[in-house]
Amino acid sequence: MATRRISVSVNGKQYEREVEPRDLLVYFLRENLGLTGTNVGCDTSSCGSCTVLLNGESVKSCTVLAVQADGDEITTIEGLAKLGTSAGGELHPMQKAFAAQHALQCGFCTPGMIMASVGLVEQGAGMSEDEIRLGLEGNLCRCTGYHNIVKAVQAGAEGMRSGSLSPSQGEEVPA
């Protein structure tokens with residue numbers, strides 16, 4: 001099969017690579033760039049564990065061919081801290097909120113869940129419990145029951161708006 005050369009910006013760094021037209025973005029990120037924080041769960045877009053930001057919008061990278069991302073900007077969980085308000089690799093406010101709110105257990109869904117949550121906030125979605133649950137539909141967690149994930153998204157959204165995550169956001173957020 002003939003390959004095609006693509007150029008993408010991933011986490012602020014430019015890459016040019018040869019890819020097969022059938023290569024999925026999730027495998028390009030993991031196998032060609034070594035960014036294994038983007039998990040492969042189902043390969044059918046059902047679980048959301050492979051969610052990344054593509055030109056600022058959350059997408060399931062198992063539904064995008066690598067050639068479709070040619071010329072685009074991709075942010076993975078590894079690059080999310082760069083989007084935060086401080087330099088030096090400090091965690092993004094959403095990452096801090098997920099830890100502070102105990103919104104993870106096994107951690108498999110966490111990268112995709114965080115990327116989808118950042119996408120929700122960036123799109124200006126409402127932050128009520130029902131709006132968050134609807135917005136994260138299609139991102140599955142088999143461990144948590146979602147209650148703490150919703151609290152984390154609310155706290156992370158507040159942190160993103162204020163530019164940081166204050167210690168008080170590590171406490172209970174009213175539902």
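**Around Val-153**

Modeller: Let's start at Val-153, which touches Met-94, Phe-98, Ser-117, Met-127, Ile-132 and Leu-136, leaving aside residues up to four places away in sequence. Contact here means heavy atoms within 4.5 Å. Before going on: this is a predicted model, so local features need pLDDT of at least 70 and side-chain atom pairs count only at pLDDT 80 or more, while totals for chains, interfaces and linings use all residues. Residues are numbered from 1 along each chain as its sequence is written, and side-chain values use heavy atoms, with hydrogens and water left out.

Val-153 is also one of the residues with the most contacts inside the largest nonpolar core, alongside Met-94, Phe-98, Leu-136 and Ile-149; that core has 26 residues. By nonpolar core I mean a set of buried Ala, Val, Leu, Ile, Met, Phe, Trp, Tyr and Cys residues joined through side-chain atoms within 4.5 Å. Buried is under 20% relative accessible area, exposed is over 50%, and partly exposed is in between (1.4 Å probe, protein chains only). Helices H3 (93-100), H4 (110-122) and H6 (147-162) each put at least two residues into this core. Helices (H or I, at least four residues) and strands (E, at least two) are DSSP runs, numbered from the N terminus. A second, separate core of 18 residues includes Val-52, Val-64, Ala-69 and Ile-74. As background, nonpolar side chains tend to be buried together in soluble globular proteins.

Now for the charged pairs. The structure holds six salt bridges, each a side-chain nitrogen of Lys or Arg within 4 Å of a carboxyl oxygen of Asp or Glu. One of them joins Arg-4 and Asp-70 at 3.3 Å, N to O. That pair links distant parts of the chain, 66 residues apart: Arg-4 is in strand S1 (residues 4-10), and Asp-70 is in the loop between strands S4 (57-60) and S5 (73-75). Arg-4 is partly exposed at 39%, and so is Asp-70 at 31%.

Strand S1 also carries Arg-5, whose bridge partner Glu-18 lies 13 residues apart in strand S2 (residues 13-19). Glu-18 is partly exposed at 41%, as is Arg-5 at 46%. Glu-16 joins these two in a network of salt bridges.

Lastly, Glu-90 and Lys-96 form a bridge at 2.2 Å, N to O. Glu-90 is partly exposed at 36%, and Lys-96 counts as partly exposed at 22%.
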